[in-house]
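Hi,

Here is the structure I said I would pass on. Have a look at it first, and then read my notes below.

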Amino acid sequence: MNDHTQSIYSSDRNTIFPVVVLGGGPVGLFAVFMAGMMQLKCALVEALPQLGGQCQALYPDKPIYDIPGMPEISAGDLVAQLSQQMAPFKPTVFCGQTAEHVDQEEESGLFVIRTSAGRMILAQTIMICCGAGALVPKRPPLEGIEQFEGQSVFYSVPSGHGWAGKDIVIAGGGDSAVDWALVLAGSAKSVHMVHRRARFSAHEHSVARLQEEFQSGRVQLHAPYQLLGLEGQVGQISVVHVHDGAGGSKSLSADILLPFFGMQNDLGPLGRWGLDIDQQRIVTNPLTGQTSRAGIYAAGDIVTYPHKLKLIMTGFAEVAQSMHHLKGYLFPDQYVGVKHSTTLGNPGSWAS
Ligand SMILES: Cc1cc2nc3c(=O)[nH]c(=O)nc-3n(C[C@H](O)[C@H](O)[C@H](O)COP(=O)(O)OP(=O)(O)OC[C@H]3O[C@@H](n4cnc5c(N)ncnc54)[C@H](O)[C@@H]3O)c2cc1C
């Protein structure tokens with residue numbers, strides 16, 4: 001590692017994690033638990049501000065019926081349960097930062113993970129549970145939109161935004177779009193909703209409340225309309241142009257644009273870590289969870305092998321399988337066998 005790297009990344013050279021789990025979806029959360037059960041100190045890195053992966057970001061209220069032993073559980077509750085299950089092991093959790101680079105020190109063999117927040121984490125092994133890559137907001141294809149992002153175009157509402165008295169345009173028709181229209185209508189100067197059809201896919205009750213806001217004029221609806229272009233300067237938008245797809249267009253005065261078109265997966269940096277990749281997935285040995293680089297394991301939706309099933313329960317099984325092999329990699333002289341939790345107890349509770 002060179003001096004330059006040392007200077008831009010903050011790290012604690014005294015903390016070396018036996019396992020660093022990348023990705024805090026259901027499979028990553030269970031990986032943290034399994035690491036704890038195998039008495040391996042663990043850190044977790046998650047790109048999003050919150051844990052839970054697809055379950056939390058895409059369908060928290062939907063019931064899941066195929067988690068063994070749980071006849072029905074909402075995706076959000078499953079994440080809450082998994083978080084509770086791993087909590088006794090007190091993992092070090094870094095949320096809101098993407099693992100961007102992975103290098104390996106020649107002398108020590110340690111992996112050096114660098115995150116988008118400028119953090120450097122030292123790991124003996126890595127367990128990649130990154131789903132299909134980082135979940136990133138779907139960006140509308142508007143020319144020059146990048147120059148406004150984070151200043152007047154936002155894909156999620158920052159806390160303490162201070163948008164009272166502003167002209168706000170919200171694009172989309174899902175839960176985020178509808179819920180934020182309802183919240184911001186109370187304080188904004190104007191709220192315009194741009195949606196490509198008249199029907200909203202948000203929660204029924206929220207849509208009913210939104211209809212009342214349309215009638216009161218506190219929220220103005222533009223449907224069927226889509227985003228066409230932006231005007232503004234130095235990061236600040238002033239006008240959002242929209243069109244109806246049939247030759248009609250309008251220009252809306254705007255201080256803030258909130259495009260809420262959901263999330264998409266981006267394999268991004270994972271593709272540059274020297275791992276075998278097949279069709280945007282990491283190739284693993286299903287018996288061991290090993291990737292093509294010794295010491296790096298992977299589980300969950302991110303992996304591929306013949307007949308791979310992209311299900312939560314499959315990811316859980318892969319984690320259990322991999323974590324046993326990983327412990328054997330860390331302690332080659334130790335016998336690593338199966339220990340039933342009923343016999344072992346919960347090592348997370350031993351310290352307290
Ligand atoms: C609508 C819907 C319904 C579903 N219903 C079911 C069902 O009923 N049963 C079932 O078994 N499955 C279901 N699934 C599939 C299930 O959600 C996935 O199989 C599961 O989420 C995979 O878990 P994972 O932890 O591997 O990945 P994910 O849930 O995708 O989590 C991966 C996490 O890694 C993070 N990440 C990615 N790259 C990085 C990086 N470089 N650095 C840091 N963090 C990173 C991402 O932000 C994400 O939070 C459903 C999926 C959808 C979309």
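What follows is a short tour of a few helices, strands and aromatic rings. Keep in mind that this is a predicted model.

Let's start with helix α4, which runs over residues 75-86. What do they pack against?

Now for the rings. The count comes to 5 aromatic pairs. One of them is F33 with F89, an edge-to-face pair with 5.8 Å from centre to centre and 65 degrees between the planes. This pair links distant parts of the chain: F33 belongs to helix α2, while F89 is in the loop between α4 and β5 (92-95), 56 residues apart. F33 and F89 are both buried. Another pair, F154 and W163, is tilted, at 5.2 Å centre to centre with 50 degrees between the planes. Both of these residues, F154 and W163, are buried too. F33 and F89 also belong to one aromatic cluster, together with F30 and F316. And have a look at Y225: K250 lies over its face, 4.5 Å from the ring centre.

Last stop, strand β7 (residues 111-115). Here 5 of the 5 residues are buried. F111, I113 and T115 point one way from β7, and V112 and R114 point the other way.

Which strands pair with β7? On one hand there is β6 (residues 99-104), antiparallel to β7 over 5 bridges, with A99 opposite T115. The hairpin of β6 and β7 has 6 residues between the strands, and G109 in the turn has a positive phi of about 75 degrees. On the other hand there is β8 (residues 119-128), also antiparallel and joined to β7 by 4 bridges, where A123 is the bridge partner of F111. The hairpin of β7 and β8 has 3 residues between the strands, and G118 takes a positive phi near 80 degrees.

Cheers

Definitions and conventions
Residues are numbered from 1 along each chain as its sequence is written. This is a predicted model: local features need pLDDT of at least 70, side-chain atom pairs count only at pLDDT 80 or more; totals for chains, interfaces and linings use all residues. Side-chain values use heavy atoms; hydrogens and water are left out. Helices (H or I, at least four residues) and strands (E, at least two) are DSSP runs, numbered from the N terminus. The expected span of a helix is 1.5 Å times one less than its number of residues. Rings of Phe, Tyr and Trp (its six-membered ring) pair if their centres lie within 6.5 Å; planes under 30 degrees apart count as stacked, over 60 as edge-to-face and the rest as tilted. Buried means under 20% relative accessible area, exposed over 50%, partly exposed in between (1.4 Å probe, protein chains only). A charge sits over a ring if NZ of Lys or CZ of Arg is within 6 Å of the ring centre and within 35 degrees of the ring normal. Two strands pair if DSSP finds at least two bridges between them.
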